[in-house]
Amino acid sequence: MNSGNIFKILSLVVVAVAFGCSFVSAIALPEGTDSVAGVVTEINPKDVSIRINTESYYFKDASVMDTMLTARKISTNQKVIVFYKKDGIKKLVVNIEISKRKDLY
């Protein structure tokens, strides 16, 4: 092989690795999970819920709520994306992340 072919192969490998690394932060969510983007207007530890705009989203229990909010450093007036699953009337939070989109509001 000449050096031109080796350079092409290495370039393809580098591009493939860079492309793969860009999707490392992808989240695997269970089937039936919906999402909503908005601003956290209230965190209610009594009800184990947070309010996004005007809707309430509930956590499984207080320790799950505390872990998710503390680990991701989420507080009121932050733009977030909430992944939730409907459980009867309640919307149970599966995951929550800070929104990095600038065009949310």
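Mentor: Helices here are DSSP runs of H or I with at least four residues, and strands are DSSP runs of E with at least two, numbered from the N terminus. This is a predicted model, in which local features need pLDDT of at least 70, side-chain atom pairs count only at pLDDT 80 or more, and totals for chains, interfaces and linings use all residues. Residues are numbered from 1 along each chain as its sequence is written, and side-chain values use heavy atoms, with hydrogens and water left out.

Trainee: Where is Ile-74 placed?

Mentor: Helix 2 covers residues 62–71 and strand 4 covers 79–87. Ile-74 sits in the loop between helix 2 and strand 4.

Trainee: Is Ile-74 buried or exposed?

Mentor: Buried means under 20% relative accessible area, exposed means over 50%, and partly exposed lies in between (1.4 Å probe, protein chains only). Ile-74 has 8% relative accessibility, so Ile-74 counts as buried.

Trainee: How many Å separate the C-alpha atoms of Ile-74 and Glu-97?

Mentor: Contact means heavy atoms within 4.5 Å. Leaving aside neighbours within four places in sequence, Ile-74 is in contact with residues including Val-40, Leu-69, Ile-96 and Glu-97. Ile-74 and Glu-97 are 23 residues apart along the chain, and the separation of their C-alpha atoms is 8.0 Å.

Trainee: Which residues touch the most other members of the largest nonpolar core?

Mentor: A nonpolar core is a set of buried Ala, Val, Leu, Ile, Met, Phe, Trp, Tyr and Cys residues joined through side-chain atoms within 4.5 Å. In soluble globular proteins, nonpolar side chains tend to be buried together. The largest such core has 15 residues, and those touching the most other members are Ile-50, Phe-59, Val-82 and Ile-96.

Trainee: Which elements give two or more residues to this core?

Mentor: One of them is strand 2, residues 49–52.

Trainee: At what relative accessibility does Ser-49 count as buried?

Mentor: Ser-49 is in strand 2. Not counting residues up to four places away in sequence, Ser-49 touches Glu-42, Tyr-57, Phe-59 and Met-65, among others. Ser-49 counts as buried because its relative accessibility is 5%.

Trainee: How many salt bridges does a search of the whole structure find?

Mentor: A salt bridge is a side-chain nitrogen of Lys or Arg within 4 Å of a carboxyl oxygen of Asp or Glu. Side chains of opposite charge can pair when their charged atoms come close. One of the bridges joins Glu-42 and Arg-51, at 3.5 Å from N to O. The number found in the whole structure is two.

Trainee: How many residues apart are Glu-55 and Lys-91?

Mentor: The side chains of Glu-55 and Lys-91 meet in a salt bridge of 3.2 Å, N to O. This pair links distant parts of the chain, Glu-55 in strand 3 (residues 55–58) and Lys-91 in strand 5, and their separation in residues is 36.

Trainee: Is Lys-91 buried or exposed?

Mentor: Strand 5, residues 90–98, holds Lys-91. Glu-55, with a relative accessible area of 36%, is partly exposed. Lys-91 has 15% relative accessibility and therefore counts as buried.

Trainee: What value is phi of Val-48 near?

Mentor: Val-48 lies in the loop between strand 1 (34–44) and strand 2. Most residues other than glycine have a negative phi, and most peptide bonds are trans. Phi of Val-48 is a positive value in a residue other than glycine, near 55°.
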